[in-house]
Amino acid sequence: MNSNAIDITKPGQYKVTYEAIGIDDSGTPVIDEGSHVAGNKIVYTKRNQLITVSGDKTQVNYNFIIKNKKTGNVIDTQSGQAVDGSTVMIDTSKLPSGYALSDTQKTFKVDAKNPTKTIEIAKSVNYDIKYLDKDTNQQIGKDITGAGDEGSSIVLQAPSGYEFADTSDMILTLDSQAPQKTIYLR
């Protein structure tokens with residue numbers, strides 16, 4: 001959406017064009033492989049969409065720009081009107097499957113001086129960590145499982161009596177493309 005074409009200080013209806021880049025489940029832009037523009041990102045365009053700017057001075061036109069935390073790509077935009085200082089909720093039903101907001105990102109206070117908020121969302125990753133003895137290749141203890149946001153880091157602790165064969169394995173950065181990890185101990 002070209003927000004430069006809208007003067008939010010003047011009430012009225014404006015025609016705008018929305019553009020969104022197609023992305024896959026991991027947030028990577030989808031590349032067009034089969035047409036005369038092969039190799040370009042797939043762009044969805046909605047032209048001549050009406051947006052209303054209210055003349056009611058108690059109402060604030062707010063916008064949420066929702067981006068993929070890993071890629072920085074815009075996933076969604078949401079907008080509306082509310083009283084300055086009121087609390088509004090993000091419509092989580094519009095988020096792509098597998099993505100989530102943290103509890104602190106679900107509601108926002110409307111601020112007339114700063115009506116646009118950028119929110120980063122991350123894909124939820126169910127991870128599974130298996131510890132193996134470096135010398136015998138035997139499993140040590142039970143698998144460690146859990147869930148977290150893609151891109152977040154988890155500090156791991158070796159089971160009692162063991163240490164990490166590679167100290168870089170102490171920190172696990174969650175990745176939806178590699179949710180399982182085998183870590184060798186000595």
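A salt bridge is a side-chain nitrogen of Lys or Arg within 4 Å of a carboxyl oxygen of Asp or Glu. The legends below describe such pairs in a predicted model; a search of the whole structure finds five salt bridges.

**View A. Lys70 and Asp175 form a salt bridge.** The N to O distance between the two side chains is 3.4 Å. Asp175 sits in the loop between β11 (171-173) and β12 (180-185), and Lys70 in the loop between β3 and β4, so the pair ties together parts that are 105 residues apart in sequence. Asp175 is partly exposed, at 27% relative accessibility. Lys70 is also partly exposed, with a value of 46%.

**View B. Lys70 and Glu150 form a salt bridge.** Here the side chains meet at 3.4 Å, N to O. The pair links distant parts of the chain, 80 residues apart: Glu150 belongs to the loop between β9 (144-149) and β10 (153-155), and Lys70 to the loop between β3 (59-68) and β4 (74-83). Glu150 has a relative accessible area of 3%, and because buried means under 20%, this residue counts as buried.

**View C. Lys70, Glu150 and Asp175 are linked in a network of salt bridges.**

**View D. Glu163 and Arg186 form a salt bridge.** Their closest N and O atoms are 3.4 Å apart. Glu163 lies in the loop between β10 and β11 and Arg186 in the segment after β12, so this pair ties together parts 23 residues apart in sequence. Glu163 is partly exposed, with a relative accessible area of 45%.

Technical notes: Residues numbered from 1 in each chain as written. Predicted model: local features only at pLDDT ≥ 70, side-chain atom pairs only at ≥ 80, totals over all residues. Heavy atoms only, no water. Helix = DSSP H or I, 4+ residues; strand = E, 2+ residues; numbered from the N terminus. Buried < 20%, exposed > 50% of the residue type's maximum accessible area, 1.4 Å probe, protein only.
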